[in-house]
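This briefing goes through one protein structure topic by topic. Keep the structure open while reading and find each residue as it is named.

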Amino acid sequence: MIAVLFFSVFSLGSFLLSASTEAFAPATGPRRQSLIRLHNSATPDDHPTHHDQLIWGMTRFFGNDMVDSDTKRFYYACRPFDGECNHFHFPIRDLAAAWDASKALEFTSNNSMQCQGIDKADILRIQQRLADAIKCTLTFYSSSLRPIDLGMKIHLHEDILMEAPNIGHSALLLLGLCNNLRLSESNEREEDSLEIVDGLTQGILSMQIKSGAFAIEFGKEGDNHINGIEFFPGEAMLSLMTVRELSTANMPDLLEEFTRQAILPAMARAFDFYSNYYNTEDVDINYNIWQVLAFAKYYDALHDNQTTKREKVAKYILNMCQEICQSRSWRHQLARGQSFYINLETVEVACGLDALAEGIRIAREEGDDDLAKLFRMNAVNALYFMKWSQDQVSDSCIVGRGGLGYGGVQVFEQRLDVTGHAISALVKLRDLSVFLPP
């Protein structure tokens, strides 16, 4: 059964934008004209122009500089000064690149970008390059899936990862697939494709232990839920809530009903464990970020008659967001408006901003105006910081324009994930009418 799934999932008639297997189209002859949906929907009081230019710069960096035209796979890093782009073996970040790129593609396809001087042919070219790279990346990692206990639960195979498979790999593959389902142009979905999504979801759910925590590494015995707790459980829970949200909203056949019904109880058990862990253990700021992203979706899924639970989850999220604002990079670097360690601190600010956008939204929903204003002030400061970071790559550089993370002390490269984390945050803030000011 599983062997059949490996090759059928990426017929992708419904899973992805129709990404071509031919060479990338030049700007003079773009394909897929239907992708551009640009129109002016902003009210006179809105001013998203500078904000959208920031997002477009990052999107163009992703699609123009960081896609290998020969392999249609994402580069991991580039060196703006000498024009080098390099592949490195980081499966987690490679999967995250496909997920981030799908968010950029979704934004440019479905929103009204307010940017000046952008050639529509260039937009189409970037959209196509992103679609092709997303497809190739997700196809590669879905080409080898391994069943758990001979059942329908699956995870990625160590042979293709060249490292031990963990719930983070499954989560990021699932997140990438879900985002591309949103971009699908057809309501037809093949049964094998649905089994892949359901199998990955079941695989993650199978890793929850009695305490409510998620074990990290597949097939590992003993204490297996602490190493990587800052990242992987949050990624896993975010993927569970994302696939549940998608299946509940408009794709009811995406998950088996028993799989969908298992997610919220699993999240309730996980909340008890991870909120207690946060209050009793010494965690770093990455823990806060991924926990906020995951439990913000859990907060949204709780019904109005679950007021007490919603209040507890909101308090947990808002407390972690306040701590993000007090972290070293946010408290000190944003106050200075520049950074000496730009790669490290830009990614900390970008990831934190993604979580802080959720904090703004939930503070508003909870009626906490003071926290909403605090988070908004920090978010605007972070937007200025990102614009400064983006401007470190001059027009004279061969590659890297629009990307983040270059400059400072002895930093001569741009990692793709630094820019990728920022795209999601900026799109969320735009939806909240929190813009980079003119």
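**Core and overall make-up**

The largest nonpolar core has 137 residues, and those with the most contacts inside it are Phe74, Tyr274, Phe295, Leu353 and Met386. The model is a predicted one. Its secondary structure comes to 15 helices and five strands.

- Of the 438 residues in the protein, 60% are buried.
- Among contacts between residues at least 6 apart in sequence, 74% join residues at least 24 apart.
- Leucine 353, one of the core residues with the most contacts, touches Trp330, Ala379, Ala382, Leu383, Met386, Ala425, Leu426 and Leu429, leaving out residues up to four places away in sequence.

**The largest pocket**

- The largest pocket holds about 660 Å³ of space.
- Its lining has 23 residues, and the closest to the centre of the pocket are Lys297, Glu358, Ser424, Lys428 and Asp431.
- Sorted by class, the lining of the largest pocket has 11 charged, eight nonpolar and four polar residues.

**The second largest pocket**

- The second largest pocket has a volume of about 550 Å³.
- This pocket is lined by 26 residues, and Arg93, Phe231, Arg415, Asp417 and His421 lie nearest its centre.
- At least two lining residues come from each of α3, α8, α10, α13 and α15.
- The largest share of the lining, six residues, is supplied by α3.
- By class, the lining of the second largest pocket has 14 nonpolar, eight charged and four polar residues.

**Two cavities**

- How many cavities of 30 Å³ or more does a search of the whole structure find? The search finds two.
- The largest cavity contains about 60 Å³ of space.
- The residues lining the largest cavity are Trp99, Asp100, Lys103, Ile289, Trp290, Leu293, Cys351, Asp354, Gly420, His421 and Ser424.
- In the lining of the largest cavity, α3, α10, α13 and α15 are each represented by at least two residues.
- This lining has five nonpolar, three polar and three charged residues.
- The second largest cavity contains about 30 Å³ of space.
- Its lining is made of Ile285, Ile289, Ile324, Ser327, Ser329, Trp330, Glu348 and Gly352.
- For the second largest cavity, α10, α12 (328–336) and α13 each supply at least two lining residues.
- By class, the second largest cavity is lined by four nonpolar, three polar and one charged residues.
- Ile289 is found in the lining of the largest cavity and also in that of the second largest cavity.

**Helix α15**

- Is α15 mostly buried or exposed? Of its 16 residues, 14 are buried, so the helix is largely enclosed by the rest of the structure.
- At 1.5 Å a residue, the 16 residues of α15 should span 22 Å, and this agrees with the 24 Å between its end C-alpha atoms.
- After α15 comes serine 433, which has a positive phi, near 60°.

- Threonine 201 is found in helix α7 (residues 191–205).
- Threonine 201 has a relative accessible area of 0%, so it counts as buried, the cut-off being under 20%.
- Apart from neighbours within four places in sequence, threonine 201 is in contact with Leu174, Leu240, Val243, Leu255, Thr259 and Ile263.
- Alanine 164 is found in the loop between α5 (158–161) and α6.
- Alanine 164 is partly exposed because its relative accessible area, 35%, falls between the 20% and 50% cut-offs.
- Not counting residues up to four places away in sequence, alanine 164 touches His169 and Glu217.
- Alanine 164 and phenylalanine 218 are 54 residues apart along the chain, and their C-alpha atoms are separated by 7.5 Å.

How values were computed:
Residues numbered from 1 in each chain as written. Predicted model: local features only at pLDDT ≥ 70, side-chain atom pairs only at ≥ 80, totals over all residues. Heavy atoms only, no water. 1 Å grid on protein atoms, 1.4 Å probe; cavity = no way out; pocket = protein on both sides within 12 Å on 5 of 7 lines; lining within 4 Å. Points joined across faces, edges and corners; volume = space filled by probe spheres on them. Nonpolar A, V, L, I, M, F, W, Y, C, P; charged D, E, K, R; others polar. Helix = DSSP H or I, 4+ residues; strand = E, 2+ residues; numbered from the N terminus. Expected span 1.5 Å × (residues − 1). Buried < 20%, exposed > 50% of the residue type's maximum accessible area, 1.4 Å probe, protein only. Core = buried A, V, L, I, M, F, W, Y, C linked by side-chain atoms within 4.5 Å. Contact = heavy atoms within 4.5 Å.
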